[in-house]
Amino acid sequence: MNKRLGLFAVFCMTSGAMISSGIFVLPGLAHAQAGPAMIFSYFLAGCLAAIGSISLTEVITAMPKAGGDYFFITRTMGPATGMVTGLLSWLSLSLKSALAIVGMGAVFQFWFGWDPLLVSLPLWAIFVGLNLFWAEQEDLMQMVLLSLILALMLLFVIKGAPKIEWSNFDPFAPHGLGQVLGTAGLVFVSYGGLLKVAAVAEEIKEPHKNIPWAIFLSLVVVGFFYVSLAFITSGVLGAEILDISLSPITQAARRIAGSTGAVVMGLVAVAAFASTASAGIMAASRYLLALSRDGLAPAFLGTINPRHGIPQMGVLATGLFVLGTLFLSLESLVKAASSILIFTYLMSNLCVIVLRESRLLSYRPSFKSPGYPWLQIAGSLGFIILIIEMGWKALLSSLLLVLAGLAFYWFYGRIRAQRETALLYLVKRMTDTEASGKVLEKELREIIRERDEMCWDEFDHAVRGSKVLEFKKISDTNQILASISLEAATEFGIEAQELALALKKRQKSQSTEMFPGVAITDALLPGEGRLELVLVRLAPPVSLSPAQSPTRALFVILFTHDRRDAYLRSLAAIAQAAGNESFSRKWDQPKDPERLREILLTAPRQRTCTL
């Protein structure tokens, strides 16, 4: 898909997808459940969302593909878990869009007394049309709308602070701590916009930099406004009005600045709802695209419009689902969306643990979660507590949705899904069995190349065709060189005896050590146009000569005279790859020597490629 989104565009999309019903509708429901202590519910939900988003950021920067969390959960936990999560994320983002459209209907009802449902239907058609035909213009609309929304929300905070009546905070938590936690689960949907980054990751420029910064900035900015607006609204309106309000910010603005304030904040609410509704449909459609690519959903859902570069059938299917949910009750929408979102963040934490412990060589996130694994464990426990505190209805709805997803997988996706996962690599590592092949490693390697815009240079091609050897408990240098010569002769069709003599002569004439533990040797081949590579792991490390430190990684470069320039470039490539501080640890890690190629193929280094 087209990489069209820079940092500011991603920040606007993510923040715009969060600033909507979470603050313009939910404070009334939240206050009715927890009283003024709902301020802490918003804060707690934000803290847990931050923990989940840290894990989310790590895995997305390793796999910036469309359908974000579905994509990495499938590659980590398997197609059944991935398919259920992908469908649930699609549902969650679709429900957020429905919530936003319902919120717009509530604002028009507050202004004009119009029936919210009759207002919602034409709005729905507009947002589906935007995603089908004007995706590029939508990006600009998101940026303009969010800039206006943030400016006016800041004005609301500044003007509203002096109008607070402190008596409205007494009693602060009339329904107890349990309701504060349960309400945190209710308002958790407010932070669902972070999934938008995962959904559109394939369309983000420089994802290794822009994804972490967009998520961090969105969390800080939106979290500040959520807590601030909840605090001021609670202090200005009081329970008798706030508990029954579906447009709390607009009503608070009327108290603060009269009818002008109500109109202005009403317009802000409409702009925020518009941003979220459109962004939610856009993000949700990318999950259907990812599912169809893997054969877990009908292929037509992955159809990309060649003119606009969007999954048009995915947009239409999402739009139809959003239309159906407009007829559900508001509380049902909120609880279903929140429980799904909590489940997704929980799975993100588990995926980080599995991916790290699987020791996949090609798992190379550009952002790594701090506090691993304790942060993930604490966050997972917090998410489980939130779901429990939301009550049995939320638990039941979550269970039913999971069962529906599993049923769809069993009857449709199971016969189409044969995928290698990080969980198999973890099982292999723990049991020392050959439970996995190399498919996932190669897929992750290609994702890294796409993410970092790596091309294939001549050294990469030499690595892909290289001979990989491992010598265990052999300490005699001559024996090692003779064995290398014999294997290379068989692989590349050269004379073994002559090669052995050339390698021994090279070893005696000068040191082959490049770094401690890393050595390079070479030999000229007869003929022309050849550059061959042999990768050797010595376990345990061996001192190839008295002057050298023990060598664990030996690179043998075989080249013809006319490829001397390529030989020198290969020396530079090996120096850059082996000079990385994590090289030795990675080189010793794989039990399968064939996986040593992956270390060089994904190594960060300068590449010179010709078209």
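Modeller: When I say contact here, I mean heavy atoms within 4.5 Å. This is a predicted model, by the way. Let's start from Ile-19: skipping neighbours within four places in sequence, Ile-19 is in contact with Phe-24, Leu-146, Ile-149, Leu-150, Met-153, Val-222, Tyr-226, Ala-272 and Thr-276. Zooming out, the largest nonpolar core holds 137 residues, and Ile-19 is among those that touch the most other members, along with Phe-24, Met-63, Phe-127, Phe-156 and Phe-188. Helix 13, residues 248-293, supplies the largest share of this core, with 21 residues. There's also a second, separate core of 27 residues, and its members include Phe-459, Ala-462, Phe-583 and Ile-599. As a general point, nonpolar side chains in soluble globular proteins tend to be buried together.

Trp-374, Ile-377, Leu-381, Ile-384, Ile-388 and Leu-395 make a nonpolar surface patch of about 610 Å². Helix 16, which runs over residues 374-389, gives the most to the patch, namely 5 residues. Take Ile-377, which sits in helix 16: its relative accessible area is 37%, so it counts as partly exposed.

Cysteines, while we're at it: Cys-12 has 0% relative accessibility and therefore counts as buried, whereas Cys-47 is partly exposed at 33%. With a cut-off of 2.5 Å between cysteine sulfur atoms, the disulfide count comes to 0.

Note on methods: Residues are numbered from 1 along each chain as its sequence is written. This is a predicted model: local features need pLDDT of at least 70, side-chain atom pairs count only at pLDDT 80 or more; totals for chains, interfaces and linings use all residues. Side-chain values use heavy atoms; hydrogens and water are left out. Buried means under 20% relative accessible area, exposed over 50%, partly exposed in between (1.4 Å probe, protein chains only). Patches are made of residues with over 30% relative accessible area and no salt bridge: like charges are joined within 9 Å, nonpolar side chains (Val, Leu, Ile, Met, Phe, Trp, Tyr) within 5 Å. Accessible areas come from the Shrake-Rupley method with a 1.4 Å probe; for residues, only the protein chains shown count as cover. A salt bridge is a side-chain nitrogen of Lys or Arg within 4 Å of a carboxyl oxygen of Asp or Glu. Helices (H or I, at least four residues) and strands (E, at least two) are DSSP runs, numbered from the N terminus. A nonpolar core is a set of buried Ala, Val, Leu, Ile, Met, Phe, Trp, Tyr and Cys residues joined through side-chain atoms within 4.5 Å.
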